Amino acid sequence: MLADLSTVEEFVPIQQKELLALLSTGVREDGRKFDEYRKVEIQTSIYEKANGSAMVKIGNTVAVAGVKAELGEPFPDTPNEGVLTVSLELLPHASPSFEPGPPDENAVEMSRIVDRGLRESKSIKTSELCVLPGKKVWVIYVDIYAMDHDGNIVDASGIAALAALLTAKIPEVKVEGEDVVLLESTRGIPMAERPVPVTVAKIGDYLVVDPSLSEENVADVRVTMTTLESGIVSSIQKSGSGTLEEPDVLKIYDLAYEKGKEIRSLLAKLG
Amino acid sequence: MCLSESIVLITQDGVRLDGRRIDELRPVKMQVGVLKNCSGSAYIEQGKTKILVAVQGPREAHPKHIALPGRAILRTRYHMAPFSTDERKSPAPSRREVELSKVIREALEPALFLEEYPKTVIDVFIEVLQADAGTRSAGITAASIALAEAGIPMRDLVTAVAVGKVGGKVVLDLNEAEDEHGEADMPIAMMPSLNKITLLQLNGRLTRQELEEGVNLVKKGIKELYSLQKQALRARFSGAQVEV
């Protein structure tokens, strides 16, 4: 395979110029409208050994999420609440620019965006994951793999995490004194919200939703906003060395909320 | 158990725990040129938050292969001292520090004419000596005047402060108690004269209207901090050096 030159810094201005010329005619490289999301496909329960799992495709971008639940100790400051741990790994399978080993700053940032979206929205009712106050709670691990990178890994990861959580099953438990017995029967993870991240890229003066890889490579800025059904925004992250105009903030919010609704309706079909 | 319900963070008359109004900054002190062995340096206190920033460079890039032919590389390191928090923080960089170092770099970069210094690196070291909320924004505010002292040409200063939601109200410049028990924290950095946003993050829950209110309120704080930044730079270069 030839070296990927698309991210070489010297080429970016040339590519950006080409893409901007196209955007000025009102079209995106792949024919989409500025506010058009790529086709989103969601499959759930794809791995039997996980408590919950999902694969999300946004165009050619693929992310999978696996949920594992274990009984563990609560944090001392929240003795009656379950624990949520979210992590995102950029597999070397996904892109020649991803390398195995400790996560770089991009991986750390994306992982924390997805984590914040789930956590700050209080999407999981952690109080209902308490088994023995102060001693035993459910620890929910959400591990996300970015498997194929064609732009917008953050949204794919966030949607995969949410789909896996929504369809996960954890054992019911019986508490006998200090002992916890796992039962055969299962229940879902109690969810209060469905936070959906939507990323908008700014290229020149244009805002485009769900950027493809080539758009991401030349974008000045990306903004991910996670919104809830009620219209509340539960996390925002600007990423990239460009700038935003003040009115962009609400324009991006409106796009994120509208697209978030569309994606939430796909999730609703999962049951 | 849940402290946010037992503490009144803001009274009916809009007075906060530390006596401030909703649109008031904490007391701020800034000083430029506090270190001798750096190209530029600054110290900032914002409430109980205390931060020391050093700029090294432009200097030769090491390792050499990271150098770019067309511009300088900006590197930022946001780091919290082990003694800066209630419980000792491990000195190893946390994931939070890795992320903040990145977003801070991306907040400062748009202001710098990096193309003036090809093949070099400019290092910005932000050391949080005491953390009481708002450390990334105070770090940016101080880093930008340290970069100015280093003589690096800039389009504008970068000024940052957080807005948030506390006790149901949108407020300026959260302190630690408000950050911990409030409903939302939204740090924003701007190039004030150019009216451009260079950092935008949100943790917490805001409605569309509160988002709008927050962006409007933050400008008041940024305007005040911007004039303090310029004052600190003037003090540095008018010969009226003050002690550390």
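In the predicted model described here, helix α2 (residues 95-108) of chain B packs against helix α3 (residues 135-149) of chain B at an angle of about 45 degrees, with their axes 10 Å apart; helices are DSSP runs of H or I with at least four residues, and strands are runs of E with at least two, numbered from the N terminus, while axes are lines fitted to C-alpha atoms, for helices over the stretch in contact, and angles run from 0 to 180 degrees between N-to-C directions. This angle makes α2(B) oblique to α3(B), given that angles under 35 degrees count as roughly parallel, over 145 as roughly antiparallel, 65 to 115 as roughly perpendicular and the rest as oblique. The residues B:R96, B:L100, B:I104, B:A107 and B:L108 of α2(B) meet B:T135, B:R136, B:I140, B:A143, B:S144 and B:L147 of α3(B), where contact means heavy atoms within 4.5 Å. By class, this contact comprises seven nonpolar, two polar and two charged residues, with Ala, Val, Leu, Ile, Met, Phe, Trp, Tyr, Cys and Pro counted as nonpolar, Asp, Glu, Lys and Arg as charged, and the others, Gly among them, as polar.

The model is predicted, and local features need pLDDT of at least 70, side-chain atom pairs count only at pLDDT 80 or more, and totals for chains, interfaces and linings use all residues. Residues are numbered from 1 along each chain as its sequence is written, chains are lettered from A and ligands numbered from 1 in the order in which they are written, and side-chain values use heavy atoms, with hydrogens and water left out.

Between the chains, α2(A) and α2(B) pack at an angle of about 105 degrees, with their axes 9 Å apart, and are therefore roughly perpendicular to each other. On the side of α2(A) the contact is made by A:E105, A:N106, A:V108, A:E109, A:S111, A:R112 and A:R116, and on the side of α2(B) by B:R95, B:R96, B:V98, B:E99, B:K102, B:V103 and B:R105. The residues of this contact divide into three nonpolar, two polar and nine charged.

Helix α2 of chain A, residues 105-120, has 16 residues that should span 22 Å at 1.5 Å a residue, and its end C-alpha atoms, 21 Å apart, agree with this value; the expected span is 1.5 Å times one less than the number of residues. Among the buried residues of α2(A) are A:V108, A:E109, A:S111 and A:R116, buried meaning under 20% relative accessible area, exposed over 50% and partly exposed in between, with a 1.4 Å probe and protein chains only. The helix is followed by A:K122, whose phi is positive, near 55 degrees.

Elsewhere in chain A, A:L267 is placed in helix α5 (residues 246-268) and is buried, with a relative accessible area of 0%. Not counting residues up to four places away in sequence, A:L267 touches A:I42, A:I159, A:L162, A:A163, A:L166, A:R194 and A:V196.

Most residues other than glycine have a negative phi, and most peptide bonds are trans. A:S45, in the loop between β1 (40-44) and β2 (52-58) of chain A, has a positive phi of about 50 degrees although it is not a glycine, and is exposed at 54% relative accessible area. A:D210, in the loop between β10 (206-209) and α4 (213-218) of chain A, also has a positive phi of about 50 degrees, but counts as buried at 0% relative accessibility. In chain B, the peptide bond from B:G57 to B:P58 is cis, with omega near 5 degrees, and B:P58 lies in strand β3 (residues 49-60).
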